[in-house]
Amino acid sequence: MAAINQASSFLCSSSSSSSSSSSHREVARASLQFPKIQTNGLTTLIPKIQSNMGLVEEMDQFSRITVPKNPSKNPEVMEKLYVVLEAVSDRVEMHKNIGEQRNNWNSLLLTSINTITLSAATMAAISAAITTVPGAPLEALNLSSTFMYLAATGMLVIMNKIQPSQLAEEQRNAARLFKQLESEIKTKVAIGNPTLSDVNEAMKKVLAIDRAYPLPLLGVMLEKFPAKVEPAVWWPEKRRTSANEGQHDRNGWSLELEEEMREIIRVLEVKDKADYLRLGEKALKLNKGLAMAGPVLTGLGAIGSAFLGSSPWAMVLGTMAGAMASVVNTVQHGGQVGMVFEMYRSNAGFFKLMMESIESNLNERDVESRENGEVFEMKVALQLGRSLSELREVAASSSSRDGRAIEEFGSKLF
């Protein structure tokens, strides 16, 4: 009986505990009300997530890719070549900034000298007009006009000596050439296998451009009025070798191509280079004449203004000389005659460089050491602004002349 009573009491307690737990669950279910999650937009988000996951995987694979190092490149040579490249990049900025500065010199000095000259001429005219007025400050006007003429004369002598427009053109040419050298070095580093000879050649080119277009004004400035017009030279002297006959049809070269290049040299020598040297001589003569006329006219204006009131010719000289000096100064420096002369000289140097480049390839002993003939022909055609067929026509026309005058220029660019 006792066992039966214990079993019944256990059943009652378990039933009561189960009922109480169920009542607790109902209370919790009733008290916690969760909002429904909208699942309509998930179907559109899943493809985007999958595509982004694919992009992440591709980026992860790309990040694990390592660029293989080229063991054939000498690290010491590469380091030296990068040092030269840094120097070239620095020179590009230097010449660019100084070129802008010297161009500002030209415009500012031109404006200032013309203003001073015209003011002096105006004061001389006013002083001559009021000579009959008693008590007029004639001496002050005369002295002021004379002093301004003398100041304009001194400034004009200095400006004509340094030729700011020509200085600016020199620096523009230097910046362009250094940019070209910078591109050559970067190409050599990217796709070539530089050697110590490439480093030495790059350094020689840097120093040659430095000599051709110096930065300082005192001591090493280029002569602005040379006795003879010569082409600008901004490249190192090329090694002279004798041609080795009998080696043809290799490395893109043939007898026909060599003959074509020789005719191109002849055309450039007779027509293009000679024409720009002739134009350079004319620009130089004009620049010399204007450089002498400007200070002479301002000096005459100073003399005329100093003797105003003593002679009617002094008034004419004081006013007319100033007006003519302003015109001359504007033509010379406003027209940038010095820059034009430097441009002609640089163009003649460009054709001289082309001729030396062709000659150095033709005179190379080993044909395999030359530039590839077909590539070299294309480079020459592009530098002259012609197609390959036009280049061959120019060479054929020159060879058919047999000593007669050549009519067509080699270059179509300028």
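A residue counts as buried when its relative accessible area is under 20%. With that cut-off in mind, let us turn to the structure shown above, which is a predicted model.

Consider Tyr 276. Its relative accessibility is 10%, so Tyr 276 counts as buried. How many aromatic pairs does a search of the whole structure find? The search finds 5, and one of them joins Tyr 276 to Tyr 344. The centres of these two rings lie 6.0 Å apart, with 50° between the planes, and the pair is classed as tilted. Tyr 276 belongs to helix 7 and Tyr 344 to helix 9, which spans residues 337-362, so this pair ties together parts that are 68 residues apart in sequence. Tyr 344 is also buried, because its relative accessible area is 18%.

Next, Phe 350 and Phe 351. Their ring centres are 5.4 Å apart and their planes stand at 65°, so this pair is edge-to-face. Phe 351 has a relative accessible area of 0% and is therefore buried. Together, Tyr 276, Tyr 344, Phe 350 and Phe 351 make up one aromatic cluster.

Rings also meet charged side chains here. Lys 271 lies over the face of Phe 409, 4.4 Å from the ring centre, and the charged end of Arg 370 sits over the ring of Trp 253, at 5.0 Å from its centre.

Finally, the surface. Val 296, Leu 300, Ile 303, Phe 307 and Leu 317 make a nonpolar patch of about 430 Å². Helix 7, residues 255-306, supplies the largest share of this patch, 3 residues. Leu 317 lies in helix 8, residues 312-334. Why does Leu 317 count as partly exposed? Its relative accessibility is 31%, and partly exposed covers the range between under 20% for buried and over 50% for exposed.

Note on methods:
Residues are numbered from 1 along each chain as its sequence is written. This is a predicted model: local features need pLDDT of at least 70, side-chain atom pairs count only at pLDDT 80 or more; totals for chains, interfaces and linings use all residues. Side-chain values use heavy atoms; hydrogens and water are left out. Patches are made of residues with over 30% relative accessible area and no salt bridge: like charges are joined within 9 Å, nonpolar side chains (Val, Leu, Ile, Met, Phe, Trp, Tyr) within 5 Å. Accessible areas come from the Shrake-Rupley method with a 1.4 Å probe; for residues, only the protein chains shown count as cover. A salt bridge is a side-chain nitrogen of Lys or Arg within 4 Å of a carboxyl oxygen of Asp or Glu. Helices (H or I, at least four residues) and strands (E, at least two) are DSSP runs, numbered from the N terminus. Buried means under 20% relative accessible area, exposed over 50%, partly exposed in between (1.4 Å probe, protein chains only). Rings of Phe, Tyr and Trp (its six-membered ring) pair if their centres lie within 6.5 Å; planes under 30 degrees apart count as stacked, over 60 as edge-to-face and the rest as tilted. A charge sits over a ring if NZ of Lys or CZ of Arg is within 6 Å of the ring centre and within 35 degrees of the ring normal.
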